[in-house]
Amino acid sequence: YNFDALDAAVDEMKQALPEVGEDYSVGTYLSLFYPVYGAKNFGELNGKQMDFTKIEDRKAVLKWFVDEQLKGFKEKGYDSVRLSGFYWFVEEMSGSDPHVQELCNYICDYIRSLGYQTTWIPYFNASGNTRWREFGFDTACLQPNYAFNEDVPLQRIYDAAKLAELYGMSIEIEIESTSEVKWVDRYRSYLYVGAEIGFMTD
């Protein structure tokens, strides 16, 4: 359901809370999927077979993907959902990809030229996670990866927050499901630590 469901939910919220105003909308991001280096089975674009060993083919496919998503989003004509930008979907930067930085710089510049932002959400200790500015992203959000593994201690959230602050990132607040025993308490930990050390407000 995705954006259709979100648009309907925000419309419902505006009916229940008229004080937010009829013009209120929620900012959202579309995904940028990674054209895997070396792939040759993408197919054709503009009559040409794409070869992902070639940087120009990878750039062309990413640009096409952005343009197609923008076209589809605008055709929907949402009242309560607005597009803020695009999200680089891969959570680490591949050291075996010789084009990855040039590719990210290219598509981030293109998206900015259209008036949108780019963001990246690397996992804790992911390759390249502190170099997000070099890759051209406008913002980055660090995953503590605390919610998903009960063996990870609470200290992980503190460590991730310290790293995020040092490198100008935000923190992702994660939740896996709504099981009280396994997940909700861990979700609350993000909120408690955020209130304690400031990433909820600063």
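**Getting to know this structure, starting with helix 2**

Helix 2 runs for 22 residues and reaches 32 Å from first C-alpha to last, close to the 32 Å expected at 1.5 Å a residue (the expected span being 1.5 Å times one less than the number of residues). What you're looking at is a predicted model, where local features need pLDDT of at least 70 and side-chain atom pairs count only at pLDDT 80 or more, while totals for chains, interfaces and linings use all residues. Residues are numbered from 1 along each chain as its sequence is written, and side-chain values use heavy atoms, with hydrogens and water left out.

**The overall picture**

- The protein has five helices and seven strands; helices (H or I, at least four residues) and strands (E, at least two) are DSSP runs, numbered from the N terminus.
- Along the sequence, the pattern goes α-β-β-β-α-β-α-β-β-α-β-α.
- The C-alpha trace spans about 55 × 45 × 30 Å along its principal axes.
- Of the 202 residues, 41% count as buried (buried is under 20% relative accessible area, exposed over 50%, partly exposed in between, with a 1.4 Å probe and protein chains only).
- Take the contacts (heavy atoms within 4.5 Å) between residues at least 6 apart in sequence: 62% of them join residues at least 24 apart.

**Around helix 2**

- Buried residues of helix 2 include Ile55, Leu62, Val66, Gln69 and Phe73.
- The buried residues of this helix pack against helix 1 (2–16), strand 1, strand 2 (44–45), strand 3 (48–49), strand 4 and helix 3.
- Gln69 sits in helix 2 and counts as buried because its relative accessible area is 17%.
- Leaving out residues up to four places away in sequence, Gln69 touches Leu30, Ser31 and Phe86.
- Just after helix 2 comes Gly77, with a positive phi of about 60 degrees.

**The nonpolar cores**

- A nonpolar core is a set of buried Ala, Val, Leu, Ile, Met, Phe, Trp, Tyr and Cys residues joined through side-chain atoms within 4.5 Å.
- The largest one has 35 residues, and Leu32, Val66, Phe86, Trp88, Met93, Ile107 and Phe137 have the most contacts inside it.
- At least two residues of this core come from each of strand 1 (26–32), helix 2 (55–76), strand 4 (81–88), helix 3 (100–113), strand 6 (139–142) and helix 4 (155–166).
- Helix 3 gives the most, with seven residues.
- Trp88 has a list of touching partners that includes Leu32, Tyr34, Leu62, Met93, Ile107 and Phe137, residues up to four places away in sequence not counted.
- Another core lies apart from the largest one; among its six residues are Ala147, Val152, Ile157 and Val193.

**A look at Ser94**

- Ser94 is in the loop between strand 4 and helix 3.
- With a relative accessible area of 27%, Ser94 is partly exposed.
- Setting aside neighbours within four places in sequence, Ser94 is in contact with Tyr34 and Val100.

**The largest pocket**

- A pocket is an open set of points on a 1 Å grid over the protein atoms alone, where a 1.4 Å probe fits, with protein on both sides within 12 Å along at least five of seven lines; lining residues have an atom within 4 Å of a point.
- The largest pocket has a volume of about 270 Å³, that being the space filled by probe spheres set on the points, which are joined across faces, edges and corners.
- Of its 13 lining residues, Ala161, Glu165, Gly198, Phe199 and Asp202 are the closest to the centre.
- Helix 4 gives the most to this lining, with four residues.
- The lining divides into seven nonpolar, three polar and three charged residues (Ala, Val, Leu, Ile, Met, Phe, Trp, Tyr, Cys and Pro count as nonpolar, Asp, Glu, Lys and Arg as charged, and the others, Gly among them, as polar).
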